[in-house]
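The following questions and answers examine a structural model. Please consult the sequence and the coordinates alongside each answer.

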Amino acid sequence: MVISIRSMKGERLGEFEEFTLLAVRALGDHTYAVPVQQFVEESTGRGVSIGAIYAALGRLEKKGFVRSGMSDAR
């Protein structure tokens, strides 16, 4: 799954969603969930499950903050 930032729609975000969105922004367009997870863990000093990252990314996508898609294996 490739993740990139789209235009913001003014939705309110929870703290974890904010950290996740910051990670996507810092890592740039076309990042993946694992680097996002690592960034959030390093930034917060807390362990984060990959499932929590996917859930947050799903909420962010539903709110219009990011979009995702499948890409070819590298």
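Q: How many helices and strands are there in the protein, and which pattern does the protein follow along the sequence?
A: In this predicted model, local features need pLDDT of at least 70, side-chain atom pairs count only at pLDDT 80 or more, and totals for chains, interfaces and linings use all residues. Residues are numbered from 1 along each chain as its sequence is written, and side-chain values use heavy atoms, with hydrogens and water left out. Helices are DSSP runs of H or I of at least four residues and strands are runs of E of at least two, both numbered from the N terminus. The protein has 3 helices and 2 strands, in the order β-α-α-α-β.

Q: What percentage of the residues of the protein count as buried?
A: Buried means under 20% relative accessible area, exposed over 50%, and partly exposed in between, with a 1.4 Å probe and protein chains only. Of the 74 residues, the share that counts as buried is 32%.

Q: At what angle do H2 and H3 pack, and which term describes their arrangement?
A: Axes are lines fitted to C-alpha atoms, for helices over the stretch in contact, and angles run from 0 to 180 degrees between N-to-C directions. Angles under 35 degrees count as roughly parallel, over 145 as roughly antiparallel, 65 to 115 as roughly perpendicular and the rest as oblique. The axes of H2 and H3 are 9 Å apart and their angle is about 105°, so the two helices are roughly perpendicular.

Q: Which residues make the contact of H2 with H3, and how many of them are nonpolar, polar and charged?
A: Contact means heavy atoms within 4.5 Å. H2 contributes Ala33, Val34, Val36, Gln37 and Val40, and H3 contributes Ile50, Ile53, Tyr54 and Leu57. Ala, Val, Leu, Ile, Met, Phe, Trp, Tyr, Cys and Pro count as nonpolar, Asp, Glu, Lys and Arg as charged, and the others, Gly among them, as polar. By class, the contact of H2 with H3 has 8 nonpolar, 1 polar and no charged residues.

Q: How are H1 and H3 arranged, and how many residues of each class does their contact have?
A: With an angle of about 85° and axes 9 Å apart, H1 and H3 are therefore roughly perpendicular. Phe16, Glu17, Thr20, Leu21 and Val24 of H1 meet Ala52, Ile53, Ala56, Leu57, Arg59 and Leu60 of H3. By class, this contact of H1 with H3 has 8 nonpolar, 1 polar and 2 charged residues.

Q: Is Glu17 buried or exposed, and which residues does Glu17 touch?
A: Glu17 is found in helix H1, residues 15-27. Because its relative accessibility is 5%, Glu17 counts as buried. Not counting residues up to four places away in sequence, Glu17 touches Arg12, Arg59, Leu60 and Lys63.

Q: Which backbone nitrogen does the side chain of Ser49 reach?
A: Ser49 lies in the loop between helix H2 (33-44) and helix H3 (50-62), and counts as partly exposed at 43% relative accessibility. Its C-alpha atom is separated by 7.4 Å from that of Gln37, 12 residues apart along the chain. At 3.0 Å, the side chain of Ser49 reaches the backbone nitrogen of Ala52.

Q: What is the phi of His30?
A: His30 is found in the loop between H1 and H2 and, at 52% relative accessibility, counts as exposed. Most residues other than glycine have a negative phi. Although His30 is not a glycine, its phi is positive, at about 70°.

Methods: Polar contact = N/O pair within 3.5 Å; in protein donor to acceptor, adjacent residues only side chain to side chain.
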